[in-house]
Amino acid sequence: MQELNQTCTNICKEKKVFSVQGPYPVIRAGLRARGWVERRLPRPSVPRPRRHDLETEATDEGDSSDDDDFGEEVERDDEADDLYDLMSRLVRNETAYFYWTTRRDSVDCRSLRKDQMTNHYAKAGSFTTKVGLCMSLRNLQWFDAADPDTFFPRCYRLGAEDDKHAFIEDFRRTACTSLLMYVLEKYAGDSEWERTREVHDAKSHGLSKPRKQHAKQRVGSSIIDNALHVCEEYLNSLEHCDIDMTLETTPTLSEQQWKVFLQNYYLVIHKGLTIEGCEDYVERCKCMLEQMRCFCPQMETDGLCNIWIIKPGAKSRGRGIMCMNKLDEIMSLVDADHGIMNDSKWVVQKYLERPLLVHDTKFDVRQWFLVTDWNPLTVWFYRECYLRFSTQPYSTHTLDSSVHLCNNSIQKHFQPSPDRNPSLPAECMWSCSQFRSWLAASGRDDLWEGVVVPGMQKAVIQTLLTAQDSVEPRKASFELYGADFMLGRDLRPWLLEINASPTMAPSTGVTARLCPAVQEDTLRVVLDRQCDRNTHTGGFQLIYKQAAVEIPQYVGVNLLVEGTSIRRPRAPVYKPLIQSHPDPLSKSSSHRSSLISSHCISGKENQSEKAKKAWTTLSSRKVTLEKSLIFQPKLRKRPHRLVLPSTCCVLPNPAELHPQKLSLTHTQPDHPPTNRTRSKLPSLYHPTPSLDVINLRPRQAFPSGRYKHEMHTVNISYPVLRMQKYLSLNHRRAMDTFTEREGPKSS
């Protein structure tokens, strides 16, 4: 017992304690073989629900999980070895460092430590749900120069109004192209349409009888004209030829005309009616289809019946899937189920009507891939896969799920058709090696490695790139996914969906061999390769490893730009101010001198009172302009209010004067003196909108010293600043010059 306790202590120090939820005996055996001990997860306190309840519960998950073994999930203690059971009890209070669960929400990834591993990533529903995959691949153009329409069938959300209108337009346009293909194949020697009808008539419950009632009825050729016109307008829109069309432009067909067109289309395709004079349209239809193929890569798989498949958003194993080929039935389903409109989890996807068939039977491919890191994105691709067949021969004239859905959980409820080819397996499964043998028999074995595998790898990588920003890139996590593909007649793979927690049930001989192998190889990649980079990884091969990129601080759809706007510096505005040295005044200058001296000596109160008198006296005097000075005022805050003194000269009108000097004399009648108070004087804080301008110029015709008085009034848009210093200085200079010339006069 002491040795057992010591062993458990060493195991805990080495952090080799794991927990598994679900029927994964291969994972348990593989971890125990590597020296790990299981810490049993607590069992649910409530009774285990029935299988039907589990399926209902799985629909509320955020992703598609097709684990098909809920019935085997009950764990039995008697199957466990007594020694391992005892060791599990000893570590029941220890921390588990490896989690393998069926459901993503069984373990909270955000609460795990960095050294704890789990087999799920948070927020992976962006590509493991049908709605998430539909929306993610629309952003592929931002990650790779590829078109999702080349590997993913067209898909729309029925709950979104914009997607619903886009689906209606796509359905109508596909009906037009299908009609043109029908004309070309029926009357141009292509036996595809007749061949598929013969298979249908021989093997599908005699559904061809109702067509005899309409054998003599015919549809007018206007239906072909309408189809050609719709296709032509679609090509013009792709080439932006409709850029000048307004919203008031009448559509090609009105709603009533579309209703009539689709009714006639159903009669021709589903009921077998013929079109009058359609032989004359063969060349036009051929030319139009060649142009459409350049822009519609899915035209070859669209077929003639315009079948669409409606899928619930978060279900798997084929539950709730319906195939429909009439627009009114699809829209009635949307309008009747308000849940579709509310949660937007239902999607409608174009059905591939012309897939590759094996002995006239449809199949799909289940391919595993493993993601061990999201930054950098690291993808491992499994070398082997398996095919799942339907139990009934393929036909587009019946919409039964036994014909169109290849999920094993659905096909196991049907008995194989008696007309089924005996070469097909009774278990409805093939391994990829068996499929390659079938291809080799028809001389196409090289297409597996040349077309199928590269196409599936490219589709997986491009899908993961579009979802990379949405998944939380936890370093110690990994996840195994199961991708479902269909092959076209040219063996080009088409991605249908991606499932989280793919089924590992050994339901057939093929899965009994492959599922344990893929689980064991997963442990080799996520555990053994951590210790030895050169270890054998089994069937997994590394197909993509992205260059590491720095994780941004915020990952989301909302962007925020922070900063300050750059403002262009405002250039200083300089306007010329004209100042002159005045000549002697006509009146006595003694009064002028006494006014100046009293202005300089008196205090602030006397200065204010005499400034009013000086302003009135200055406005009625005659002055001479001899030369001009240009001043450039500067802005500067003053601690007190600045007021222009009475001795400042008033500015001339810039619009009426020459920019350099005063050359002309404008005569105006004398204006009465303006009485201004201190509050009305121009200042730094209260500039006046207009100033009186005194134009001073000597009159040469009066030798006796008489002068002419002229005055202009000019509006200015900015205050006159810092004029006291300059004007007072110039005024003192002028008075000194005048005294020197005239001399003092006696009183």
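Predicted model: local features only at pLDDT ≥ 70, side-chain atom pairs only at ≥ 80, totals over all residues.
Now for an open sheet with parallel pairing, whose four strands come in the order β2-β1-β3-β4. Strands β2 (37-38) and β4 (117-118) stand at the edges with a single partner strand each, so one side of each has no neighbour in the sheet. Strand β1 (residues 17-20) pairs with strand β3 (residues 98-100) in the parallel sense over three bridges, and V20 has W100 in β3 as its bridge partner. Helix α2 (residues 25-33) packs on the sheet and touches β1, β2 and β3, with its direction at about 175 degrees to that of β1.

**Strand β11 and its partners**

What about strand β11 (residues 363-374): is it mostly covered or mostly open? Mostly covered, with twelve of its twelve residues buried. Strand β11 has antiparallel pairings with β12 and with β14. A hairpin of two residues links β11 to β12. Here are the bridge counts for the antiparallel pairs described so far:

| Strand pair | Bridges |
|---|---|
| β11 and β12 (residues 377-389) | ten bridges |
| β11 and β14 (residues 479-487) | seven bridges |

For individual partners, V371 is bridged to V379 in β12, while L370 has L480 in β14 as its bridge partner.

M429 lies in strand β13 (residues 429-431). Why does M429 count as buried? Because its relative accessibility is 4%, and the cut-off for buried is under 20%. M429 and F389 are 40 residues apart in sequence, yet their C-alpha atoms are 6.0 Å apart in space. Leaving out residues up to four places away in sequence, M429 touches Y386, L387, R388, F389, N408, Q434, S507, T508, V510 and T511.

Two of those contacts, V510 and T511, are also among the buried residues of helix α19. Others buried in α19 include L514, C515, V518, Q519 and D521. At 1.5 Å a residue, the 23 residues of α19 (residues 509-531) should span 33 Å, and the end C-alpha atoms are 34 Å apart, which agrees. Even so, α19 has a kink of about 35 degrees centred on V525, and V525 is itself buried.

**The whole chain**

Zooming out, the protein chain has 22 helices and 20 strands. Of its 747 residues, 49% are buried. Among contacts between residues at least 6 apart in sequence, 76% join residues at least 24 apart. The accessible surface comes to about 39,700 Å², and carbon and sulfur atoms account for 51% of that.

Notes: Residues numbered from 1 in each chain as written. Heavy atoms only, no water. Expected span 1.5 Å × (residues − 1). Bend = angle between axes of the 7 residues up to and from the residue. Buried < 20%, exposed > 50% of the residue type's maximum accessible area, 1.4 Å probe, protein only. Pairing = 2+ DSSP bridges. Contact = heavy atoms within 4.5 Å. Axes fitted to C-alpha atoms, helices over the stretch in contact; angles between N-to-C directions. Areas by Shrake-Rupley, 256 points an atom, 1.4 Å probe, with all protein chains shown as cover.
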